[in-house]
Amino acid sequence: MLARIRHGLTRIGELTAHPAAFGIVALYAIAWLIFSPGTFGWGAIATLATWLMTLFITRTEHRDTQAIHAKIDELLRAHGEARTELAHLDEKDVEEIEAHRSETRQAAHDRFRG
């Protein structure tokens with residue numbers, strides 16, 4: 001159950017980077033103007049600007065992350081000794097990735113000390 005919630009939250013985060021998210025904000029603004037034009041003032045404009053800036057930042061981060069993943073995937077394919085499970089690590093939830101990184105660091109620390 002908790003894994004489904006985590007996966008759902010991750011999916012929502014991915015959807016905010018989709019171009020359709022900008023359309024949803026625009027539809028919300030239009031609906032606000034139609035149904036409550038008297039309340040559409042500077043506060044409303046600030047709210048919409050905040051949402052749009054958040055979407056811009058999220059989209060840019062998502063683009064950069066996808067580019068990094070593509071480059072790393074290519075490096076993993078080119079390097080014959082790389083572990084193949086790393087190529088699919090980006091499909092995991094955040095907690096699973098953090099656990100994997102922690103295990104890898106601990107194993108490297110143990111090899112270094114031992």
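**Pockets and salt bridges, term by term**

Tutor: Ile68, His69, Ile72, Asp73, Leu76, Leu86, Ala87, Leu89, Asp90 and Ile97 line the second largest pocket. The model is predicted, so local features need pLDDT of at least 70, side-chain atom pairs count only at pLDDT 80 or more, and totals for chains, interfaces and linings use all residues. Residues are numbered from 1 along each chain as its sequence is written, and side-chain values use heavy atoms, without hydrogens or water.

Student: What makes a residue such as Ile68 part of the lining of the second largest pocket?

Tutor: Ile68 is listed in that lining. A lining residue has an atom within 4 Å of a pocket point; a pocket is an open set of points on a 1 Å grid over the protein atoms alone, where a 1.4 Å probe fits, with protein on both sides within 12 Å along at least five of seven lines.

Student: Which helix gives the most to the lining of the second largest pocket?

Tutor: Helix 3, with five residues. A helix here is a DSSP run (H or I, at least four residues), numbered from the N terminus. Helix 3 spans 42–78. Helix 3 also gives the largest share of the lining of the largest pocket, six residues.

Student: Why is Leucine 9 called exposed?

Tutor: Leucine 9 has a relative accessible area of 57%. Exposed means over 50%, buried under 20%, partly exposed in between (1.4 Å probe, protein chains only). So 57% puts leucine 9, a residue of helix 1, in the exposed class.

Student: And what makes alanine 49 partly exposed?

Tutor: Its relative accessible area is 38%, so alanine 49 falls in the partly exposed class. Alanine 49 lies in helix 3.

Student: How do you know that glutamate 14 and arginine 11 meet in a salt bridge?

Tutor: Their side chains stand at 3.2 Å, N to O. The rule asks for a side-chain nitrogen of Lys or Arg within 4 Å of a carboxyl oxygen of Asp or Glu, so the pair qualifies. Both residues sit in helix 1, three residues apart, so about one helical turn separates them. Glutamate 14 is partly exposed because its relative accessible area is 37%. Arginine 11 is partly exposed too, at 42%.

Student: How many salt bridges does the rule give?

Tutor: Two. One of them joins the side chains of arginine 63 and aspartate 64 at 2.9 Å, N to O.

Student: Why does arginine 63 count as exposed, and aspartate 64 as partly exposed?

Tutor: Arginine 63 has a relative accessible area of 53%, so arginine 63 is exposed. Aspartate 64 is at 35%, so aspartate 64 is partly exposed.

Definitions and conventions:
Helix = DSSP H or I, 4+ residues; strand = E, 2+ residues; numbered from the N terminus.
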